[in-house]
Amino acid sequence: MINFGYKIMRDESIDLDRNDMRIAEYLKLHEPSIKLCIGCGSCTATCSTGHFTDFNIRQVHTFIRRGEIKRVKKEIQRCMFCGKCQLVCPRGVNLRNVILTINRAIEQIG
Amino acid sequence: MNDKVIVIGGGVAGMTAAGALADLGMEVLLLEKDTRTGGHVKNWDRLFPSRRPGREVMDFVGKSMGSDVEQRCNVIVNSIIRSDDGFSVQLENSEPVTAKSLVIATGYELFDAHKKEEYGYGIYDNVITSAELENIFMEGKKLTTHDGKTPARIAIIHCVGSRDEKVGNLYCSKVCCVTGVKQAIEIREMLPGCEVTSFYMDLRMYDRNFEELYYEAQQKWGVNFIRGRLSECAENPDHSLVLKTEDTLTGRPLKLTVDMVVLLVGFVPGAETRRIAQMVGLQSGADGFLLSADEHILDNSTTVPGVFLAGAVKGPACIVNTIADARATALQVKTFLSSQNAV
Amino acid sequence: MKIDGKRNIWKDYQKEIAADRYFYVRSCVRQNFFPGSEKTFLRIMKDELHKDVFENAAHTTCSGIGYHSDVVPFETAMTMVARQFSIMTESGYENFTTSCITSFGLYSEILETWHHFPEVEERIRQHLLKATGRTFNKPANLSHASDVIFKFRKEIAANGKYKLINKNTGKPLRIVEHIGCHYSRMFPGKGIGGAEYPYVLVGMIEEWGGEVIDYPERRHCCGFGFRQYLVQANRGYSIASTKKKFDSMAPYKPDFILTNCPGCPMFLDRWQYALSEMEGITYGENGHGIPVLTYEELAGIILGYDPWDIGLQVHQVPVEPLLDKIGIPYDTPRKFLTMDGKMMGQPNAPSNLKFYQHE
């Protein structure tokens, strides 16, 4: 193989045809309240960790629902389970259990 | 002597106004250009938010006219002459008809989806409109792709022809969002194995029970909602469709292949509305719909004495508001004619 | 696919193309990388269609590449273009035809700018007068050379010796068409068929017997966007764009790709070589790659011109498999000889992309 001085850029778009949806399906099955999420961002706004790191719970959850697990595997570890997100969610999503369930899913499914 | 009123347009607005006017003691003539009355709602299977049959509303509105309203179909209005006595409406192939007052209820048309070239309507076999989907429900047909297969994935696209500078319609058509949520549920109900993904910019759940319908669509029916406007649609060799949107909530471009695409087409000012409006000297707003005398307090009258408006001539409207509006118009007509008679 | 749906849209995007007396300006890239192509265009115009196509050696680049790479400011570009128009006027012509698509886009953009902002046009007239003492008229008609070939596609078909049919199967060849971004993206009304479903190349393919393929990434850039490749470190973006198109068109098994821009065929052709060397991927049948042609090259082979006179030997993806499919003869020993019969040297064969050599 020849190196011409540049690499072929990876396609960074989300490909819903190819992505692995198993963790998303596991999450919807074991914590169904997550289906109610409307992406309003109240959770992220109040998140304790979110203010001092890149951790964005709204975005992490959305990536998981799109099957983009690799991006968020490390991020999801940052949650401190303070529960502030759950207090403000207008749809009543059980967010602490959502995070626990995601962690369990990652452990089981990878 | 009963005061004569002519209602031009036999859709929900026109029929409701005609029935209410008759109840108020007017002599009413309803003119409809099509072979039968009913406008757009007669083509709608089930109505949001409760998904009750559209037929029920049509029957009620039809009955409300009773035998007191003279209904004429297949009528073409050629011109309208105003005089001190009222209005003379010139008809094609018929004697002119006269009235003391007119109600313009000529309604709207659906946006022609061919204009969104990049969505491939009329080009790719499996791109249909919400009206065509509703027709499939209405006729009790099976929902299949163009070559008869059961779809495994359907996408519903919001804001087609609305909120879109490129097609010249900046306004929001108001009712398409809730229609999209309703149809998403109906597809899931009909085909439990079919995934439905709705692509939206905003979800306008503005009226009673609309937000609850959205809640139900997510919780009970598992409809996927992705915030991002469809930018292009392309076809695979098997006639499935490749969609490109942005998943704005993650900030990444997103690609999805589906078997069918449903376009939620919006309202546009009808050609008939514009034609009739010109005949009586009515103004349109920047959005092309007709202007009333005052948007808040005189929304049923116009700047032309004796000419009143009802329904979607004034802009996108839902059936609840249209029926209430048409009844209010009838009352305004009655008040107008009473004051005329008092003189 | 309902082709009538597309025909309705094509009807909306028609434009005036001059019928004769063209002032022709060349492309910077085209002659360097595809020698013979512009000559083929001129040969078709003069010998087959008996048209008056005039070139003035004093014309320069339009500076499109420089302008789009932020190296040449718009004022300068406009003044250079004004000089081109001046040479056209002085030569006694008013129908301007460009070989390059970026040029076409730039000339269109400048004429539109002057149309909406006459004070800018006046200022440029002053610049040109001060710099060169020249004055100019604006062209009465601006067309791209592919528009002109499109206009005369029926005449070319009538004089043609070959059709775009696979002689072994009798079926029309399956062809991917790709228009340059600067043709109609900026001004959809200035492209035949518009921007969404362009017709300029489709019309040629239909007239010459081929079948057009519509594939999901049809609209995607070919990678010749100047910012994508001018700096070597950025070329990964360019090659990724081209790869996206190839991956998308591969299931349709196209016989070749037709383009109307100097840049698009350059990368659609060259990047197939680069991809095969970098990652071992080849497209097309049996590792031969998918040949890439432009409208003048295709018109040339339809008319029976010698493939080596057209310049097809410098394509990195070999065109021989395509010529075989159509039944066009070619003389392999002559492939790398100069016009006066000397051996010009042969490229080394790539590792993965099959290549036809003189054995």
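# Reading a predicted model, chain by chain

Me: In chain A, how many of the contacts between residues at least 6 apart in sequence join residues at least 24 apart?

Reply: A contact means that the C-beta atoms of two residues, placed from the backbone, lie within 7 Å. In chain A, 67% of the contacts between residues at least 6 apart in sequence join residues at least 24 apart. This is a predicted model: local features need pLDDT of at least 70, side-chain atom pairs count only at pLDDT 80 or more, and totals for chains, interfaces and linings use all residues. Residues are numbered from 1 along each chain as its sequence is written, while chains are lettered from A and ligands numbered from 1 in the order in which they are written.

Me: Which elements does chain A have?

Reply: Helices (H or I, at least four residues) and strands (E, at least two) are DSSP runs, numbered from the N terminus. Chain A has 6 helices and 1 strand. Their order from the N terminus is β-α-α-α-α-α-α. Along the principal axes, the C-alpha atoms of chain A fill a box of roughly 55 × 30 × 25 Å.

Me: How many of the residues of chain A count as buried?

Reply: A residue is buried if 20 or more other C-beta atoms lie within 10 Å of its own, exposed if 12 or fewer, and partly exposed in between; C-beta atoms are placed from the backbone. Chain A has 110 residues, and 33% of them count as buried.

Me: How many residues do chain B and chain A give to their contact?

Reply: Chain B gives 14 residues and chain A gives 13. On the chain B side, helix 5 (210-219) and strand 17 (252-258) each give two or more. Strand 17 of chain B has the largest share, 6 residues. The side of chain B that touches chain A has 5 nonpolar, 5 polar and 4 charged residues.

Me: Which strand of chain A pairs with strand 17 of chain B?

Reply: Two strands pair if DSSP finds at least two bridges between them. Strand 1 (residues 14-15) of chain A pairs with strand 17 of chain B in the parallel sense, over 2 bridges. There, Asp15(A) stands opposite Lys255(B).

Me: What is the strand order of the open sheet in chain C?

Reply: The order is 2-1-3-4, with parallel pairing of the 4 strands. Strand 2 (53-54) and strand 4 (141-144) of chain C are at the edges with a single partner strand each, so one side of each has no neighbour in the sheet. Strand 1 (residues 22-25) of chain C joins strand 2 of chain C over 2 bridges. Tyr22(C) has Val53(C) as its bridge partner.

Me: What angle do helix 13 and helix 14 of chain C make?

Reply: Axes are lines fitted to C-alpha atoms, for helices over the stretch in contact, and angles run from 0 to 180 degrees between N-to-C directions. Helix 13 (residues 235-249) and helix 14 (residues 263-279) of chain C pack at about 100°, with axes 10 Å apart. Angles under 35 degrees count as roughly parallel, over 145 as roughly antiparallel, 65 to 115 as roughly perpendicular and the rest as oblique. Helix 13 and helix 14 of chain C are therefore roughly perpendicular. Their contact includes Ile239(C) from helix 13 and Trp271(C) from helix 14 of chain C. Its residues divide into 6 nonpolar, 2 polar and 1 charged.

Conventions:
Ala, Val, Leu, Ile, Met, Phe, Trp, Tyr, Cys and Pro count as nonpolar, Asp, Glu, Lys and Arg as charged, and the others, Gly among them, as polar.
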